[in-house]
Each structure stands twice: as C-alpha cells, then as structure tokens.
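Me: Hi! I'm new to this one, could you walk me through it?

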Amino acid sequence: MKKIRIPGWLKRVGLYLAVLGPGLITASADNDAPGIATYSMAGSTYGYQFLSIILIVTIGEVVIQEMAARMGVVTGKGTADLIRERFGVKITAFAMLALLLANLGTTVAQFAGIAASAELFGISRYIAAPVAAIVVSLAVLRGSYKYIEKILLILSLSAISYVITVILIRPPWEEVLRATLVPQFELEPNFIIAVLATIGTTITPWGIFYLQASVADKGLAVSDYKYTRLDVTFGATWGNIISAFIVISTAATLFVHGIAVESAEQAAMVLEPLAGSWAKILFSAGLLGASLLAVAVLPLSTTYAVCEAFGFERGLNRKFNEAPVFYFMYIGIIAISVLIVLIPGIPLFPIMWLSQTLNAVLLPVLLVLVLKLTNNDQLMGDWKNKRFQNILAVGLTVFISLVTLALLVTSLMGMSPIF
Amino acid sequence: MIYFSQLINQNVWDGFGSVVGKLEDILIDATEKKMPPIAALSLKNNPAGIKYIPANQIASLWPSITLRVGVDRIRPYSPTGHELPLLDRVLDQQIVDTEGKRLVRVNDLQLARSRDQFVLTGVDVSGSGLLRRLGLEKFGRTIGSMFKKSQETVVIPWEFVASIEHDDPLRLSVSQNKLVKMPPADIAAIVDELDHHTTTALLEGFDNEALADTLEESSADLQMAILSHMTPERAADILEEMDPDEAADLLADMPDGTSETLLGLMEKEEALDVRTLLTYPEDTAGGIMTTEFANVPENITVREAIDYLRNSEEAQEDEVMYYVHILDQAERLNGIITLRDLVMADPERSLDQWKEPDVISVEPLTPQNEVAYLIAKYDLLSIPVIDPENNRMLGIVTVDDAIDVVLPTAWKKRLPRLF
C-alpha cells in the first residue's frame with residue numbers, strides 16, 4: 001500500500017528525531033537531582049578513576065535503551081503492556097512492584113533535591129517540599145503543566161555549566177584519559193554503593209519504560225527506526241558526557257583537596273571557578289529545575305505504567321471516582337516521598353544516591369524480562385536481538401548482580417557499617 | 001462458574017484415571033459469536049505426543065479435567081483455522097467492552113457447561129480476577145469484608161466484547177462491526193488509548209463516514225497519526241466527509257506540502273470551503289466557523305422553503321440546523337427563521353412573516369472569546385459570520401464549537417510523558 005510520502009516532511013521528522021528525540025530527552029534525565037548528587041559524590045570521593053565506571057555504564061545504557069526503543073517501534077506497545085501480555089499476572093505484579101519501589105525511591109530523591117536546593121537559600125525543607133508537591137501535582141492534575149515545562153527545562157540546562165567549569169579549570173587530560181580507559185575497582189562497600197548508584201541513576205527502570213512509551217506513542221514506522229537508534233545512541237552518549245564532566249570537575253576541585261561531598265553546599269563549591277560567589281545559586285537553580293521536572297513526570301508515568309498493566313481505569317481526563325486507583329497511586333507516591341524527606345535529621349544528599357543504589361539492585365528484574373521480550377520471535381520477528389546485543393545485555397545483568405552480591409558480602413563482613 | 005485460570009496447567013485425566021498431560025490452552029470455536037463452545041483442549045507433557053483433544057471427549061472440567069475415554073482411544077483434533085486459543089490470544093490482552101464503552105484488560109475468563117458442551121460465557125475484568133490469578137482470592141475477600149464491601153466479580157458477556165488484536169483480520173472485522181455501532185466520541189476515547197499499530201488496523205475496516213465521525217472527536221495527534229498511515233486518496237476522501245471546520249483544523253496542523261497534496265486530491269467544492277477556512281486564524285470566528293449552513297432564498301412561502309431545504313445539499317451537510325438563514329441574491333443575510341417556527345408556520349404564508357430580521361452576527365476576525373460571549377449572552381444555538389466588506393454571509397459558528405474555548409473537545413488525553 002502506498003503511504004503519504006512527502007519527502008520534505010519525512011526528512012524534517014528524521015532531522016527532528018535526530019536532534020531532539022525521546023532518546024536525548026531520556027538521557028538528559030540522567031543528570032537530574034539524584035544524578036548530580038551521585039556523580040558529585042563519586043567524583044569527589046574516588047577521583048578520576050571513577051570515569052572508567054561511567055564508560056562501562058554508557059555502553060550499558062546504549063545497549064539497554066536501544067532495546068527498549070526497538071521494542072517500542074516494532075510492537076507499538078509500552079513495556080508494562082508487553083510484560084503483562086507475555087508473562088501473565090504474577091510476573092507482572094512482581095515487575096510492577098519493583099518498578100514502583102524504584103520509582104518511589106527516585107521520587108524521594110527528587111524531593112530531597114528540592115529540599116536541598118531550598119536549604120541552600122535558607123528556606124526550610126518543611127516549607128519547600130510540601131509546597132513544591134502541592135504546586136506540581138496541581139499543575140499536573142489541572143493539565144497546565146505544559147506552561148511551566150519550558151521554564152524548568154531551561155533551569156535544568158544548567159548542567160552544561162559543569163562542562164564550562166571543566167574547560168576553565170584545565171584538568172590533567174592525560175590522567176583523565178588514562179583513568180577512563182583503565183578500570184579500577186575497590187572491594188569496599190562505599191565504593192560498591194557508588195558504582196551501583198551510578199548504574200542506577202543512568203540505566204533506570206523508569207528510563208526504559210519512559211523511552212519505550214514515548215517511542216511507541218510517536219507511532220514511527222519500523223523503516224524509520226534507524227533515526228530512533230541514532231537518537232538513542234547519541235542521547236545516551238551525550239548524557240554520559242555531561243556525567244563524566246561532573247565527575248571530572250568534582251575530582252579536579254574537591255577530590256584533590258580531600259573533600260568528599262556529603263551535602264549540597266559542598267557540591268555547589270565545584271562551580272566556584274565558573275560562577276564565583278554565584279556558584280550556590282547556579283547549582284541550586286539547576287538542582288531545583290531538574291527535580292521539579294522529574295517530580296512532574298515520574299510519579300505520573302509510573303502510575304500510568306502500573307494501571308496499564310493491570311487494566312485499571314486511568315488518565316487525567318477521568319474523574320476521581322472513575323479512576324480511584326490511578327489517583328490514589330499518584331497522590332500516594334508524592335505524599336510518601338514528601339513524608340520521607342521530612343523525617344527530622346534525614347541526610348538529604350546521601351538519600352539521593354542511596355535511592356539510586358536501590359534502582360540498580362532492582363534493575364536486573366526488569367532486564368531479564370526485557371531480554372526475554374527482545375528475543376521473542378513472535379513479537380520482534382526480524383528485529384529481535386543480535387548475538388552481540390545479548391552478550392552485552394546479559395553481561396551487564398550479571399555484572400549488576402555480582403556487584404550487588406559483593407555489596408551484601410562486604411557489608412556482612414563488617415567492612416563498613418553502612419547497613 | 002469455572003474460571004480459565006483455575007484450569008490452566010492442571011492435570012488432564014483420562015477415563016481410567018491416569019494422567020495424560022497438563023492443560024496448556026483451550027481452543028474455542030470463534031465462528032460462534034454469542035457463547036462460543038470449546039473446540040479442543042491443548043495439551044502439554046503428553047508422552048504420546050497428542051496435542052489437541054476434541055471437546056466431545058471431555059467429561060468434566062471442574063473440579064478436575066477428565067476425559068470420557070482411555071488414553072489409547074483419544075482421537076486427536078486437527079485445527080481448522082477458526083479456533084481462538086484463549087491463553088495465547090485472549091487472556092491478559094486488552095479488549096473493548098462495547099457495553100461499558102471502555103478499554104479493559106482480560107484478567108480471567110469464565111466458562112460454563114451448557115447442555116452437552118462447554119462454552120465461553122464471559123470475560124472477567126475485575127480486581128478479584130487479578131487476585132485469583134495471584135492466588136490471593138481469600139485474602140481479597142477478607143480485606144473486602146473488613147471494609148464492608150463485597151468483592152464484585154465484573155464479568156462482561158463474550159458477545160459484548162470486541163477483540164482488537166490486529167494480526168487477525170478475520171476476527172478484527174467482527175470487532176469492527178461491534179465498534180462502529182458505538183458513538184464516535186466513545187470510539188475516539190478508546191482509540192486514543194490504543195497503540196498506533198492496533199489503531200491503524202482497527203480503523204482500516206471503518207468506512208469513510210464512520211472514520212470521519214471518529215476523527216472529529218479525536219485528539220489532533222491521533223488524527224495526524226491515523227491519516228499519515230493511509231493512502232493520500234483515502235485521507236482526502238475522509239477529509240471531505242469531515243465538517244469543513246474540523247478538516248481545516250486538521251490540515252492547519254500539517255506541514256504545508258502534505259496539506260496541499262491532500263487539498264489537491266479533495267473534491268473542488270469541499271477543498272474550496274476548507275481553503276477559505278484555512279485563511280483565518282484558529283482563535284477567531286473564521287477559524288472555528290463551518291461553511292455548511294441551511295439557507296433559503298427570500299420571498300418564498302414556508303412550504304417552498306421546506307421543499308427547498310429538503311433538496312439543498314448545504315442543508316443536508318448542516319451539522320445541526322437550528323436556524324434557517326434567508327439569503328438575498330448577493331448571499332447577504334436577510335433574516336433568520338428557527339426550524340421550529342418553520343415547521344409550525346402556515347405553509348402557504350410568506351416566509352417573511354416569521355423571520356427574525358435583526359440578527360446578531362460576527363465578522364470572521366472576531367475573537368473566539370467574543371463569539372462565545374455573544375452566543376452565551378443571547379442564548380443562541382449558532383451565530384452567522386458575515387464578511388464586513390460585502391456583507392456576504394460566510395458561515396456559522398455553532399454553540400458547541402464556540403464553547404470549546406471554555407471546554408476543549410480535544411482534551412489532551414494523556415499528559416505529555418515528556419521531559
């Protein structure tokens with residue numbers, strides 16, 4: 001059958017996808033509040049040697065995100081839909097529980113980001129977190145979220161300030177390169193937590209669901225998949241380049257002085273070479289923008305995924321009594337997250353990376369399912385995984401499981417009293 | 001009542017009480033629409049390699065699956081191609097409940113004995129179906145009684161269910177027949193929640209008029225997605241069937257090249273109407289008006305007017321025909337007569353006696369807000385749009401299009417899951 005085919009139009013779509021498609025957007029979310037916290041902590045505590053971890057995680061992210069995008073294009077369905085249709089209720093319930101936990105953890109981290117940036121301005125978290133929760137959820141529920149989206153996007157662009165900072169401070173590039181290419185591991189709980197947090201904040205369960213859904217929503221033809229693949233690869237690489245620059249800048253400014261980041265105040269010091277006394281403002285604006293964006297999107301997309309999988313009524317165009325599960329879950333995720341951040345004395349910055357560790361621990365559950373789906377003949381046909389993709393993805397899954405195991409063993413052996 | 005989930009993976013016993021295998025799936029006879037009978041059982045783990053057992057050899061399904069004959073006398077069933085495997089194709093899939101007019105997920109299936117055969121009676125879409133699958137039915141009942149709410153099992157009779165799986169043209173056409181009978185707004189709401197592949201396949205079988213009606217109720221994204229999967233010729237045919245104002249809105253959202261191609265393929269008259277509408281900004285009277293309105297010439301009798309309307313193509317196309325517009329030779333508006341007055345009036349009297357000569361009207365560039373305000377203020381059902389240069393009447397804005405300012409029809413079905 002002949003399709004509507006206007007050359008200029010298709011070209012423009014292709015160009016648009018390559019420039020700012022779902023892949024790039026998903027990858028930019030790597031540098032959300034927990035992301036910035038994790039990379040700052042890792043870079044300031046372990047220096048340049050952490051760059052090799054970023055390199056491994058980048059490859060992992062490209063492989064996994066590409067699989068998710070491919071499933072989206074080929075099947076036109078969301079991850080949760082496919083899991084339910086292929087694996088039945090029990091496995092779906094298990095996977096959704098893992099997703100819900102991981103995303104709850106990440107939402108907590110976003111509120112911690114909001115609270116931390118507010119505290120940099122001297123505003124109490126007991127005011128900032130609840131106000132942010134109410135404002136954002138009202139904006140989302142009333143559908144006026146689109147208007148504030150652009151402002152928030154601009155705020156979160158401040159991640160680029162790390163790139164400028166690095167250029168200004170001229171790090172020892174030779175050492176940087178060597179550290180990137182020669183992996184070094186330490187069998188010590190805190191290092192393992194940092195590795196897991198980096199994996200968990202880069203390759204997120206949420207990212208997989210989100211990317212597949214947005215690729216599927218675009219309804220692209222399989223023949224245009226090459227643009228999506230380009231977008232995903234480019235996006236993941238770009239997101240991780242920014243992450244690497246955060247590690248480099250914290251390594252060059254804080255690690256060399258023996259400051260391991262424990263708070264937002266310390267993390268903001270990194271930007272001083274660039275912004276001087278404005279560093280705090282620049283840092284907290286970026287943190288706030290990224291966190292608010294994530295709070296607007298993350299709980300809602302989680303709720304959608306779970307409701308889709310179980311067939312509950314869903315959608316913002318439904319009334320409360322038509323879709324009670326949908327609204328309860330949405331409000332519940334936000335309320336629980338705010339309450340956790342408000343626990344007196346809870347350390348805001350460590351929450352951000354510990355939540356990402358949880359993400360990583362839960363990730364293999366999802367990876368196994370994604371691997372089974374992308375190897376399914378009936379579902380993927382000619383587009384099922386190639387051998388090297390399977391090797392890389394299985395390798396990553398095993399790697400995460402081993403690191404998790406290492407964390408358990410080292411913690412149990414009492415090498416560090418973190419748990 | 002027998003539930004499918006309770007049968008699957010259970011032992012199948014032969015007439016002498018020995019196990020012949022486990023139940024893998026149940027095939028029903030898909031040619032029967034109301035209560036399809038079971039055609040065969042699909043076995044696994046059968047040592048003799050028997051795959052299908054015909055329904056007439058089943059003695060009972062519950063509490064145990066027993067056959068009438070011994071294992072050596074089973075005559076295997078050979079599929080005819082008209083069977084529907086329940087586990088593979090129905091359980092856990094999304095289907096349309098044509099009575100409740102919503103998209104649901106199949107949590108379980110209900111079977112029953114009807115005289116000498118077993119039939120599929122309905123689809124369980126309730127939460128208790130989910131709990132049964134999880135083996136938590138008792139737990140659900142306990143919780144339910146704690147809240148003094150009995151867990152209802154919501155079963156939709158099979159005859160009200162439309163399967164939307166797109167890889168089976170035969171069954172899809174059955175579903176289309178059921179779906180076409182639903183109001184276009186309900187079809188649009190369901191289709192908005194489906195993935196693109198399914199949507200395209202499903203709507204392929206709709207005739208142009210039904211499709212046009214559905215599209216008018218759909219979101220802009222969906223309209224574009226559906227049209228872009230069609231041949232330009234069919235897309236043009238569908239645009240002709242749509243109200244010119246809706247068609248113009250749709251074309252306005254398309255890239256110039258595409259909309260030009262489609263306009264070129266449309267009938268001259270319809271294309272001209274749409275082109276005129278396209279020249280006005282979307283938020284003005286011109287942008288939301290429709291050019292098809294009931295009109296009659298001046299100086300005729302009531303009877304002549306009614307006859308004229310019956311044969312008038314424009315009156316046929318008028319969305320609502322609340323008012324009949326009296327035009328002079330130069331298409332200037334001379335007065336308005338309500339359809340009610342026209343019907344009640346003495347057929348032999350002149351039309352002029354009944355007409356309302358002082359008509360509230362707007363110009364094409366009157367802002368949409370102002371139009372809505374006037375319509376509300378004077379309690380109108382539609383308002384004429386008059387060209388200020390030559391006083392020609394261009395079209396009408398109906399009350400439903402005017403109140404879209406206050407209450408948009410194309411509700412964004414889904415919040416952009418966007419960063």
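Reply: Happy to; we can go through confidence, then chain A, then chain B.

Me: Great. What should I know before I start?

Reply: This is a predicted model, where local features need pLDDT of at least 70, side-chain atom pairs count only at pLDDT 80 or more, and totals for chains, interfaces and linings use all residues. Residues are numbered from 1 along each chain as its sequence is written, while chains are lettered from A and ligands numbered from 1 in the order in which they are written.

Me: What ipTM and pTM does the model score?

Reply: The ipTM is 0.78 and the pTM is 0.80.

Me: And what pLDDT does chain A average?

Reply: Chain A averages 86, and 89% of its residues score at least 70. Here pLDDT is the predictor's confidence in each residue, from 0 to 100. Within chain A, helix H1 (residues 7-20) has the lowest confidence, with a mean of 47, and H16(A) the highest, at 94. Residues 1-11 of chain A have pLDDT below 50, and that stretch has 15 contacts in the model beyond near neighbours in sequence. Two residues are in contact if their C-beta atoms, placed from the backbone, lie within 7 Å.

Me: Got it. How many helices and strands are there in chain A?

Reply: Chain A has 19 helices and 0 strands. Helices (H or I, at least four residues) and strands (E, at least two) are DSSP runs, numbered from the N terminus.

Me: How much of chain A counts as buried?

Reply: Of its 419 residues, 54% are buried. A residue is buried if 20 or more other C-beta atoms lie within 10 Å of its own, exposed if 12 or fewer, and partly exposed in between, with C-beta atoms placed from the backbone. As for contacts in chain A with a separation of 6 or more, 86% are between residues 24 or more positions apart.

Me: At what angle do H6 and H16 of chain A pack?

Reply: Helix H6 (residues 125-141) and helix H16 (residues 324-341) of chain A pack at about 170 degrees, with their axes 10 Å apart. Axes are lines fitted to C-alpha atoms, for helices over the stretch in contact, and angles run from 0 to 180 degrees between N-to-C directions. H6(A) and H16(A) are therefore roughly antiparallel. That label is for angles over 145 degrees; under 35 is roughly parallel, 65 to 115 roughly perpendicular and the rest oblique.

Me: Which residues meet there?

Reply: From H6(A) come A:Arg125, A:Ala129, A:Pro130, A:Ala133 and A:Ser137, which meet A:Ile334, A:Val338 and A:Val341 of H16(A).

Me: And what does A:Ala129 touch?

Reply: Not counting residues up to four places away in sequence, A:Ala129 touches A:Phe111, A:Ile114, A:Ala115, A:Val338, A:Val341 and A:Leu342. A:Ala129 is also among the residues with the most contacts inside the largest nonpolar core, which has 130 residues. Such a core is a set of buried Ala, Val, Leu, Ile, Met, Phe, Trp, Tyr and Cys residues joined through C-beta atoms within 7 Å.

Me: Over to chain B. What pLDDT does it average?

Reply: Chain B averages 83, and 93% of its residues score at least 70. Its lowest confidence is in helix H5 (residues 169-180) of chain B, at a mean of 71, and its highest in strand E18 (residues 382-386) of chain B, at 93.

Me: Is B:Ala40 buried or exposed?

Reply: B:Ala40 is buried, with 25 other C-beta atoms within 10 Å. You'll find B:Ala40 in strand E4 (residues 38-44) of chain B. Leaving aside neighbours within four places in sequence, its contacts include B:Leu27, B:Tyr52 and B:Tyr77.

Me: Which peptide bond is cis?

Reply: The one from B:Trp62 to B:Pro63, with omega near 5 degrees. B:Pro63 sits in the loop between strand E6 (58-60) and strand E7 (65-67) of chain B.

Me: What about phi at B:Asn45 and B:Asp92?

Reply: B:Asn45 has a positive phi of about 60 degrees although it is not a glycine, and B:Asp92, also not a glycine, has a positive phi near 75 degrees. B:Asn45 counts as partly exposed, with 13 C-beta neighbours inside 10 Å, whereas B:Asp92 counts as buried, with 23.
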